[in-house]
Amino acid sequence: MVALDLVWLVPTLPLAGAAVLLFAGRRLGRLAGWLATATVAASAALAVGIAARLLDLPEAERTRVVHLFEWIRAGSFRAAAELRVDPLSVTMVLVVTVVGALIHLYSIGYMAEDPRIGRFFAYLNLFVGFMLLLVLAENLLLLYVGWEGVGLCSYLLIGFWFERPSAAAAAKKAFVTTRVGDTALLVGIALVFFRLGSLDLSRVLDPAVAALQPSGVFTIIALLLFAGAVGKSAQVPLHVWLPDAMEGPTPVSALIHAATMVTAGVYLVVRTHVLFELSGVALTVVLVVGLVTALYAALSAIGQDDAKRVLAYSTISQLGYMFVAAGMRAYAVAMFMLVAHAAYKALLFLAAGSVMHGTEQETDLQRLGGLWRRMPWTAATMAAGALSLAGVLGLAGFFAKDEILAVASGTGRGAVWALGTLGAFCSALYIGRLVSLALLGRPRSDRALHAHESPPVMLLPLAVLAAGALGLGVLMTDPRTGTLPAFLAPVLGEVPHGEAGLPKGVLVALSQVTALGGLGLAWYLYGSGRVEWLALRERLAGVQRLLAHGMYVDDLYAAAVDRPLRAAAAALAWVVDARWVDGLGNGVGRLTQALAGAGRRVQTGLVRTYALAFLLGAAVLLVYVGVRR
Amino acid sequence: MRTPVAYFLVVSAALFTIGTVGVLVRRNALVMFMSVELQLNGVNLALVAFSRLHGDLTGQVLTFFSLVVAAAEVVVGLAIIVSVFRRRRTANVDDLAELRW
C-alpha cells in the first residue's frame with residue numbers, strides 16, 4: 001500500500017532523470033533511454049499505487065493536499081508548493097505516466113540511431129516531470145509553472161532536429177503561438193487572485209465560490225483561462241502551430257502533441273469548471289469554439305497528404321470534441337475522451353512512426369501503400385487505433401464520441417449533435433483514408449516496397465496501446481455509473497442528461513452509420529482500387545487545395561498579422577528609430593562638437609594672453625568684492 | 001615723525017603696475033619672470049606697510065612666507081626656462097605656443 005504523501009515522488013523521479021541525463025546523457029549512450037524509461041515507469045507504478053489507495057478510501061476522503069514547502073510569501077499573497085491528489089488529478093497522472101512510459105520505451109527503438117539520444121531523453125523526462133507538476137499542482141501559480149515548462153519542452157522537442165530550418169521555424173511558431181494563450185492565462189490567474197484572494201484550488205473549488213452570484217468578472221476570468229487552453233490545446237484560432245509541430249520526432253508528436261500536453265487545456269477547463277459555471281457566457285464560448293474546431297480540423301485532415309499532418313489535424317479535431325463535452329458540463333465525458341484519445345491517438349502516432357522507421361522516414365501518403373504485408377504488427381495496431389478513432393461500436397473511441405453526441409442530443413442541443421455527427425463522419429473518412437493509403441493497395445514507391453517491420457521494443461508499446469484503444473470503453477459503459485464517471489463524480493459532478501432528442505438506440509445506430517459509412521467511403525475511394533483517386537483529386541483540385549492548406553488560416557494570419565506587423569516594424573525602424581531616435585542622439589553629439597569647437601579657440605597657447613586673462617579676472621573679482629561690500 | 005603710509009602704498013602700487021605691464025608686454029621669459037618678482041615685492045611692501053600701520057606682525061610674517069615661496073618658485077621656474085632654452089634655443093614665450101587648440 002502506497003501512502004498518498006509519496007505523491008511528491010511522482011513528478012520528482014522524471015525531473016531527477018532529466019537532471020542526470022542533461023549532465024551525463026552523452027556518456028550514458030543507449031543506456032540513457034533505459035534510465036529515462038525507468039524513471040517514468042517508476043512514476044507510473046507509484047501512480048497506480050496511489051490510485052489504488054484512493055479507491056480504498058471512502059468517496060468523501062478522496063481529496064488530499066500534500067504540503068511540500070512554503071514557496072512564495074509576499075504581503076497578502078501566499079503560494080505554497082502543494083500537490084493535490086484527487087480523482088481528477090490521479091486520472092491525469094495515470095494517463096501521463098502510463099502513456100509516457102510506453103512512449104519512452106518506444107523511443108529507445110525509434111531514436112536508437114540518433115547521435116543526440118541522451119539529450120532527447122533528457123527533454124522527454126523533463127517534459128513528463130513538468131506535465132505531472134501541471135496536473136498535480138494545488139496552486140494555480142504552480143500549475144502555471146508546469147504549463148510553461150511543458151511549453152518549453154514542446155519547443156525544445158519540436159526543434160530537436162534544429163539543423164532543419166523547417167523544424168527550427170516550427171518550434172518557434174509553436175512557442176510564440178501558445179504564448180498568446182499563456183499570457184491570457186497568466187492575466188486570468190491574476191484576476192482569480194484579486195477576486196478570490198487565493199490561488200489554491202481548494203479555494204477555487206470551495207462550495208462557497210460555486211454559490212457566488214454569476215458575474216461579469218467571472219466571465220472575464222473564465223474566458224482568459226479558456227484562452228490559455230485554446231493556445232495549449234490548439235483550438236481555433238490558435239491551432240496553427242500544431243500541424244507544423246509534426247517536424248519533431250514522432251514519439252514527441254505522440255506524447256506531447258496528442259496524448260498529454262495538448263490535453264492540458266481540457267484539464268484546465270475541467271479543473272476550474274466552477275469558474276466557468278459562474279459565467280453565463282464562458283461555457284457557451286467553450287462549446288462553440290470546440291465545435292468549430294472539431295469540424296474545421298476534421299475537414300482539413302481529409303486534405304492532408306502527410307500522414308503525420310492528418311493525425312495532427314485529427315488531434316485538433318478530437319480536442320475540439322473534448323471542449324464540446326466540457327462546454328455542455330459533461331466534464332466526466334470530456335475526461336474519458338481525453339483518456340481514450342491519449343490511448344488511440346498515441347497509438348496512431350506511434351504506428352505512423354513505426355511506418356516511418358520502416359520506410360526511411362517516408363510520411364507522404366502518395367508514396368506509401370501496401371504496408372500491411374511487410375509490417376503486419378504495425379498495420380494491425382494502426383487499424384485498431386483507426387477503428388477506435390472512427391468510433392466503431394464497442395471500442396474506446398465509440399464510447400467517447402457517442403457519449404458526447406448523446407449528451408448533446410439529450411439536452412436538446414440539436415445543432416451541436418448534427419454538426420458533431422458530421423464531424424464524426426469526416427473523422428471516419430480521414431482516418432479511413434490514412435489507413436487505406438498507407439496500408440492497403442500496392443506500394444507506390446521503392447521505400448514502401450522495401451519496408452521492414454520495427455523492432456520489438458517499438459511493437460510492445462503499440463500492442464499495449466492497441467489494447468487500450470480497443471478496450472478502454474469498459475471504463476465508460478454508462479455516463480453516470482461507469483467506472484471513470486463514478487470515480488470522477490465527487491470532483492466533477494454528474495454528467496447532465498435529458499430526454500430530449502432521439503432515443504438512445506437510434507443515436508447509436510446513426511453513429512454507426514456515420515462511422516462505418518465514413519470508413520467505407522474512404523476504403524471505396526482510396527483502398528479498393530476501383531476509383532482513380534488521383535484523377536478525382538485533379539477534378540476537385542480547388543477543394544483539395546483548400547483543405548490541404550487548412551483553409552488558408554496560416555495565409556490569413558500572414559496577411560492580417562504578420563505582414564502588417566513587419567510593415568509597422570519597418571516603419572518604426574526607418575522613421576522613428578533612424579530619424580527621430582538616432583537624430584536625437586546625433587544632434588546632441590553634433591551640438592557638443594560645435595560648442596567645443598567654438599570653446600577651444602580660447603586656448604591660444606600664448607602665455608601673455610593667459611596673463612591678461614588672469615589680470616582681468618582678478619580685476620573683476622576685486623570689483624565684485626568691492627561692490628558687495 | 002613717521003613717514004605716512006600713503007608713501008609706501010604709492011611705491012607699492014608703482015612696483016606692482018610696472019611688474020604687471022612687464023608681464024603683459026615683454027616676450028622674454030626671463031624678463032617676465034623678473035616682472036613677476038616686481039609684482040610680488042610690490043605686494044610685500046604693501047603688506048609690511050599695513051603691518052606697521054596696524055602694529056600687527058601678521059603682515060610681516062606673511063611677507064616672509066611670500067619671500068620663501070617666491071624663492072622656491074624661482075628655482076622651479078628658472079629650471080624650466082633653462083631647460084626650454086636648451087631644447088629650443090629661445091626664451092621667447094610667443095614662440096612657445098604649441099599647447100593650444
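Which residues of α1(B) are buried? I looked these up in what is a predicted model, where local features need pLDDT of at least 70, side-chain atom pairs count only at pLDDT 80 or more, and totals for chains, interfaces and linings use all residues. Residues are numbered from 1 along each chain as its sequence is written, and chains are lettered from A in the order in which they are written.

**Helix α1 of chain B**

I found B:Ser12, B:Leu15, B:Gly19, B:Thr20 and B:Val23 to be the buried residues of α1(B) (buried: 20 or more other C-beta atoms, placed from the backbone, within 10 Å of its own; exposed: 12 or fewer). They lie on the same side of α1(B), because they cover an arc of only 130 degrees around the axis (the arc of the directions from the axis to the C-beta atoms). I note that these buried residues pack against α28 (607-628) of chain A together with α2 (29-54) of chain B. The face turned away from the buried side carries the exposed B:Ala6, B:Tyr7, B:Val10 and B:Val25.

**Helices α6 and α9 of chain A**

I found α6 (residues 165-196) and α9 (residues 216-232) of chain A packed at an angle of about 150 degrees, their axes 7 Å apart. The two are therefore roughly antiparallel (angles over 145 degrees). Residues meeting here (C-beta atoms within 7 Å) include A:Gly181, A:Leu185 and A:Gly188 in α6(A), and A:Ile221, A:Leu224 and A:Gly228 in α9(A).

**Chain A overall**

I recorded 28 helices and two strands in chain A (DSSP runs: H or I of at least four residues, E of at least two). Buried residues make up 51% of its 629 residues.

How values were computed. Two residues are in contact if their C-beta atoms, placed from the backbone, lie within 7 Å. Axes are lines fitted to C-alpha atoms, for helices over the stretch in contact, and angles run from 0 to 180 degrees between N-to-C directions. Angles under 35 degrees count as roughly parallel, over 145 as roughly antiparallel, 65 to 115 as roughly perpendicular and the rest as oblique.
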